[in-house]
Amino acid sequence: MTATPEPVTPTPELAAATAAPTAVALQPTTAPTPTAIRALAPGEWVKGEIIRKTRIYDIPNEHEGREVINAEPGTPVRVLYRGGQWYHIGGETTGGKIIDGWVYKDWIRIAPEDEARLQSHPQVLPVIVSKITQTVGRDGKKYWAGTVMNIGAKTAYDAAVEISIRSQVGDTETLADRGTAFVTKRNLEPGQSARFTVQTAWITDRNVFYSHEVRWTEK
């Protein structure tokens, strides 16, 4: 005769151990809202400080720009616009002389939150941003080459470079030759750059010097 097993009544502890886990709804997490960066309004500027003795130029180009003034370390300045790796600044030197020109990024200190607010120059502003090279062709002409970049916020149409060669004897200055050529991308959008090559006569007189000018039209 086979014995019939008695039914086993689970204890509260066993029931709790074998019960299915209760699902807990996860609350969705909200990502923090990034703080919007407010661009500078017209006429606004941010603080900057010159960190080494440096030259300030009339354009953002130490090779072809004209030196405006020297600035000493610690000189506070107003930073107005950005242009590539340069900044347009204003202010006064420690000697009270007016500062108005461009300084390279490595020679100025600007707070990161202020630097992020800087914009390009609001108008059209194509400038030469490279060193101008000079070569003499087999045709006996001189060729001037370099790069122009539009660091402004508006398109520069029909961008061209003009090279003027002048001779000077005493106080008398004479135009010896002049050449003009469009850049390879005739219309430069903001931030765009393009090469140029200008042809002039080859003048070997030691008393000659050259100057350049970038020309463009607005629409």
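Is Glu 173 buried, partly exposed or exposed? At 46% relative accessibility, Glu 173 counts as partly exposed, where buried means under 20% relative accessible area, exposed over 50% and partly exposed in between (1.4 Å probe, protein chains only). Here are my notes on the rest.

1. **Ground rules.** This is a predicted model, in which local features need pLDDT of at least 70 and side-chain atom pairs count only at pLDDT 80 or more, while totals for chains, interfaces and linings use all residues. Residues are numbered from 1 along each chain as its sequence is written, and side-chain values use heavy atoms, with hydrogens and water left out.

2. **The chain as a whole.** You will find 2 helices and 14 strands in the chain; these are DSSP runs numbered from the N terminus (helices H or I, at least four residues; strands E, at least two). Of the 219 residues, 32% are buried. Taking contacts between residues at least 6 apart in sequence, 62% join residues at least 24 apart, a contact being heavy atoms within 4.5 Å.

3. **A three-stranded sheet.** An open sheet is built from 3 strands in the order E12-E11-E14, with antiparallel pairing; two strands pair if DSSP finds at least two bridges between them. Strand E12 (172-182) and strand E14 (208-217) stand at the edges with a single partner strand each, so one side of each has no neighbour in the sheet. From one strand to the next the twist averages 20°, with axes taken as lines fitted to C-alpha atoms (for helices over the stretch in contact) and angles running from 0 to 180 degrees between N-to-C directions.

4. **E11 against E12.** Strand E11 (residues 157-169) and E12 run antiparallel and are joined by 10 bridges. If you want a residue to look at here, Ile 163 stands opposite Gly 179 in E12.

5. The whole structure holds 4 aromatic pairs. Rings of Phe, Tyr and Trp (its six-membered ring) pair if their centres lie within 6.5 Å; planes under 30 degrees apart count as stacked, over 60 as edge-to-face and the rest as tilted. Trp 86 and Tyr 104 make an edge-to-face pair, at 5.6 Å centre to centre and 65° between the planes. Trp 86 lies in strand E5 (residues 86-92) and Tyr 104 in strand E6 (residues 98-104), so the pair ties together parts 18 residues apart in sequence. Trp 86 is buried at 11% relative accessibility, whereas Tyr 104 is partly exposed at 23%.

6. **Trp 144 and Tyr 210.** This aromatic pair is tilted, with 4.8 Å centre to centre and 50° between the planes. Because Trp 144 lies in strand E10 (residues 141-150) and Tyr 210 in strand E14, the pair ties together parts that are 66 residues apart in sequence. Trp 144 counts as buried at 3% relative accessibility, and Tyr 210 as partly exposed at 27%.

7. **A cluster, and charges over rings.** Tyr 57, Trp 86, Tyr 104 and Trp 107 form one aromatic cluster. The charged end of Arg 52 sits over the ring of Trp 107, 4.2 Å from its centre. Arg 186 lies over the face of Phe 182, at 3.7 Å from the ring centre. The rule used is NZ of Lys or CZ of Arg within 6 Å of the ring centre and within 35 degrees of the ring normal.

8. **Salt bridges.** The count comes to 13 salt bridges, each a side-chain nitrogen of Lys or Arg within 4 Å of a carboxyl oxygen of Asp or Glu. Arg 55 and Glu 67 meet in one of them (3.1 Å, N to O). Arg 55 lies in strand E2 (residues 54-57) and Glu 67 in strand E3 (residues 67-71), so the pair ties together parts 12 residues apart in sequence. Arg 55 is partly exposed, with a relative accessible area of 47%, and Glu 67 is partly exposed at 36%. Glu 173, from the opening question, meets Arg 166 in a salt bridge (3.3 Å, N to O).

9. **A charged network.** Glu 162, Arg 178, Glu 213 and Arg 215 are linked in a network of salt bridges. Arg 215 is partly exposed at 39%, and Glu 213 is partly exposed at 38%.

10. **A buried loop residue.** Thr 93 lies in the loop between E5 and E6 and is buried, with a relative accessible area of 15%. Leaving aside residues up to four places away in sequence, Thr 93 touches Ile 69, Asn 70, Thr 75 and Ile 99.
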